[in-house]
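Hello,

I am handing over the structure we talked about, and you will find it just below. After it come some notes on what turned up, written for someone opening the file for the first time.

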Amino acid sequence: MGRNRGRAAALGAALALGLAAVAVGHAATEQVDLLKVRMGGDASETRLVIELDGAASARVVSDGSADRRVVVMLPGVTAAQLQQGAGRGVVRAWTIDQVQGGARLQMDLAGDGKLKRRFLLPPADGVVNYRYVIDVAAAPGAVMASAPIVKPMNPQLRSQFLPVRKPALPLKKVVVIDAGHGGKDSGARGALGYEKDINLAAALTLSEQLNRTGRYKVVLTRSRDVYIPLEDRVRVAQRAGADLFISLHSDSGPEPDLKGASVYTLSDKASARATKFVSANDWFMKASLTGDQGVRDILFDLTQRATRNRSAVFAQTLVANIEGRAPMLRRSHRDAGFMVLLAPDVPAVLLEMGFVSNPEDEARLRDPAQRARLMSAVTRAIDSHFGEQVRLASR
Ligand SMILES: [Zn+2]
């Protein structure tokens, strides 16, 4: 990515250019356990929350509009045993059982209604588990049969409603690595080659290093030379339930003597744009826990702020770890309005690893040993960032 500040327009143009498949890493293949199920809401809208020890997606088999029965499959999710309970509001009763390939949720509705929205919430701000949230809304004017009276359960029966188990080990943090550019979008051009190839080589090196620690679930936005629209890169991070998003780029500048690495996070100004962008795409709206617009706005604002703070903290850690191991620009931590940093609930930084327009930097960026060295600084920064969080949380 170039140095000039009018870059947002160029990114917008890049965004409009075209489509390609999104190459996601191996996050989806890992087994995820169902921890517990909660319900909330009233006769107009009811929410069921499935707590999970990892990220998961879901597929709607039946949305309830035809037969008052909502069926959702969670592929790759394990429910240790059959779970069921009385519902509330729109939902009369629910069951989760294990079927071929995953967990199957069935909700019997108390009247006309249907599945309204569903989304995955990653662990954030004090909540340690992933949550798959499913909202079911009553049809306008629908009359709900009163919820069945729940008889007191005998203790043996009760055990199946308790949390299945606590995860024995701390959950793996999900790190999404984004190799900038790719395919028809070559990025900056150096004397020896293109930015896109340097970025990809660095992303693969970083991925390997992080995997070797065994502490992270690593997802790559691309693992080969392919074009991926910027908004798809953001979505990959959201779907993976990323705890951290790191975008790797190489700079170019008009002055050949400009060199060194730098780290970007989202600025306040860019966040204002993000608000617009995100609302239009209905990302955060889905994640808010209330139907009240005013509260939504506040929640959105808080999430943005918290995410920005976490991004800035990581950026500082990253700069501190790179210093002394690779040349850096004088003002190494800068704010930017890059589209890839706009996911509202994922802390994100963009690392410009150096300038392909500077011969020394370009040679360094293309050298496998120097690349491994720079990426191990990034690995250390990630370790130290999450290590710090773990210590804070256990206090
Ligand atoms: Zn770039």
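Let me begin with a hairpin. Strand E1 (residues 32-41) pairs with strand E2 (residues 45-52) in the antiparallel sense, over seven bridges, and three residues lie between the two strands of this hairpin. Within the pair, Met39 stands opposite Leu48 in E2.

A few words on how to read this. Residues are numbered from 1 along each chain as its sequence is written. The model is predicted, with local features needing pLDDT of at least 70 and side-chain atom pairs counting only at pLDDT 80 or more, while totals for chains, interfaces and linings use all residues. Helices (H or I, at least four residues) and strands (E, at least two) are DSSP runs, numbered from the N terminus. Two strands pair if DSSP finds at least two bridges between them.

E2 has another neighbour too: eight bridges join E2 to strand E10 (residues 130-138), and the two run antiparallel. Here Leu48 has Ile134 as its bridge partner in E10, and Ile50 has Tyr132.

These strands belong to an open sheet of five, in the order E5-E1-E2-E10-E9, with mixed pairing. Strand E5 (77-78) and strand E9 (113-121) stand at the edges with a single partner strand each, so one side of each is left without a neighbour in the sheet.

Further along the chain, please look at strand E12 (residues 216-220). It pairs with strand E11 (residues 173-179) in the parallel sense, over five bridges, and Lys173 stands opposite Tyr216 in E12. Together with helix H3 (residues 195-213), E11 and E12 make a right-handed β-α-β unit; right-handed means that, with the strands pointing away from the viewer, the path from the first strand over the helix to the second runs clockwise.

Is E12 buried or exposed? Five of its five residues are buried, so E12 is largely enclosed by the rest of the structure. A residue is buried if 20 or more other C-beta atoms, placed from the backbone, lie within 10 Å of its own. Tyr216, Val218 and Leu220 point one way from E12, Lys217 and Val219 point the other way, and all are buried.

Finally, the overall picture. The protein has nine helices and 16 strands, and buried residues make up 42% of its 395 residues. Among contacts (C-beta atoms, placed from the backbone, within 7 Å) between residues at least 6 apart in sequence, 75% join residues at least 24 apart.

Enjoy exploring it!

Best wishes

Note on methods
A residue is buried if 20 or more other C-beta atoms lie within 10 Å of its own, exposed if 12 or fewer, and partly exposed in between; C-beta atoms are placed from the backbone. Two residues are in contact if their C-beta atoms, placed from the backbone, lie within 7 Å.
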